[in-house]
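Here's a quick briefing on the salt bridges, pockets and surface of one protein model. Have a look at the structure first, then read on.

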Amino acid sequence: GGGLQLVSGGDFRIASPDANFSILEAKWGLIPDMGGAIAFRELMRKDHTLEMAMTAKVIDCETAKEYGLVTKIAEDPYAEAYALALECANRSPDVLAANKKLYNKTWWSSPGIALFLETWYQIKVGARKNRTIAIQRETHNDKPRKYLPRTFK
């Protein structure tokens with residue numbers, strides 16, 4: 001119980017083709033808990049969430065992807081997740097932190113706040129040494145420099 005709520009908190013959700021998904025609390029006379037009301041609204045349309053929560057319906061992986069619960073479907077989800085993690089790790093740690101903070105703070109904000117934070121974070125990221133390293137890594141990828149520890153807060 002609660003597995004779907006836990007998975008829904010991830011930035012990326014990679015599942016095998018044979019995975020099934022459900023919100024089973026209705027089966028037991030309960031409502032979703034463990035933050036499901038927050039996580040599901042960020043991933044799924046309201047009607048899909050209500051249908052799953054009210055019926056305890058089990059959906060397949062393709063439907064879960066259509067609903068927004070799954071980012072990618074992969075025969076080997078672990079290998080796919082590891083490859084994605086390596087892809088992210090090959091980018092500036094300041095950019096990763098800034099993107100995460102930007103989208104977490106602006107996803108439900110007004111356009112004005114989103115544009116302000118986008119501009120402010122861009123200035124902060126652009127002034128970091130890791131930006132110079134990112135440029136060097138892209139233009140001279142035969143001898144990439146290591147990124148410095150993250151300084152973006």
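**Salt bridges, pockets and a patch**

Lys100 and Asp11 join their side chains in a salt bridge, with N to O at 2.6 Å. Here a salt bridge is a side-chain nitrogen of Lys or Arg within 4 Å of a carboxyl oxygen of Asp or Glu. Lys100 sits in helix H6 (residues 93-106) and Asp11 in the loop between helix H1 (3-8) and strand E1 (14-15), so this pair ties together parts that are 89 residues apart in sequence. Helices (H or I, at least four residues) and strands (E, at least two) are DSSP runs, numbered from the N terminus.

Bear in mind that this is a predicted model: local features need pLDDT of at least 70, side-chain atom pairs count only at pLDDT 80 or more, and totals for chains, interfaces and linings use all residues. Residues are numbered from 1 along each chain as its sequence is written, and side-chain values use heavy atoms, with hydrogens and water left out.

**Salt bridges**

- The structure has 5 salt bridges.
- Lys100 is partly exposed, at a relative accessible area of 39%, and Asp11 is also partly exposed, at 46%. The cut-offs are under 20% relative accessible area for buried and over 50% for exposed, with partly exposed in between (1.4 Å probe, protein chains only).
- Glu51 pairs with Lys57 in a salt bridge whose closest N and O atoms are 2.8 Å apart. Glu51 is partly exposed at 29%, and Lys57 is partly exposed at 35%.
- Lys72 and Glu80 form a salt bridge too, their closest N and O atoms being 3.3 Å apart. Lys72 comes out partly exposed at 30%, as does Glu80 at 29%.

**Largest pocket**

- The largest pocket has a volume of about 680 Å³. A pocket is found on a 1 Å grid over the protein atoms alone, as an open set of points where a 1.4 Å probe fits, with protein on both sides within 12 Å along at least five of seven lines; lining residues have an atom within 4 Å of a point. Grid points are joined across faces, edges and corners, and the volume is the space filled by probe spheres set on the points.
- It is lined by 18 residues, and the closest to its centre are Gly10, Asp11, Lys100, Tyr103 and Asn104.
- Helix H2 (36-43) and H6 each supply at least two lining residues, and H6 gives the largest share, 6 residues.
- By class, the lining divides into 9 nonpolar, 5 polar and 4 charged residues. Nonpolar covers Ala, Val, Leu, Ile, Met, Phe, Trp, Tyr, Cys and Pro, charged covers Asp, Glu, Lys and Arg, and the others, Gly among them, are polar.

**Second largest pocket**

- The second largest pocket holds about 280 Å³ of space.
- Its lining has 13 residues, with Val95, Ala98, Asn99, Gln122 and Val125 nearest its centre.
- H6, helix H7 (111-126) and helix H8 (129-139) each put in at least two lining residues, and the largest share, 5 residues, is from H6.
- This lining has 7 nonpolar, 4 polar and 2 charged residues.

**Surface patch**

- Leu24, Trp28, Leu30 and Val58 make a nonpolar surface patch of about 440 Å². Patches take residues with over 30% relative accessible area and no salt bridge, joining like charges within 9 Å and nonpolar side chains (Val, Leu, Ile, Met, Phe, Trp, Tyr) within 5 Å. Accessible areas come from the Shrake-Rupley method with a 1.4 Å probe; for residues, only the protein chains shown count as cover.
- Leu24 is in the loop between strand E2 (20-22) and H2, and is partly exposed at 32%.
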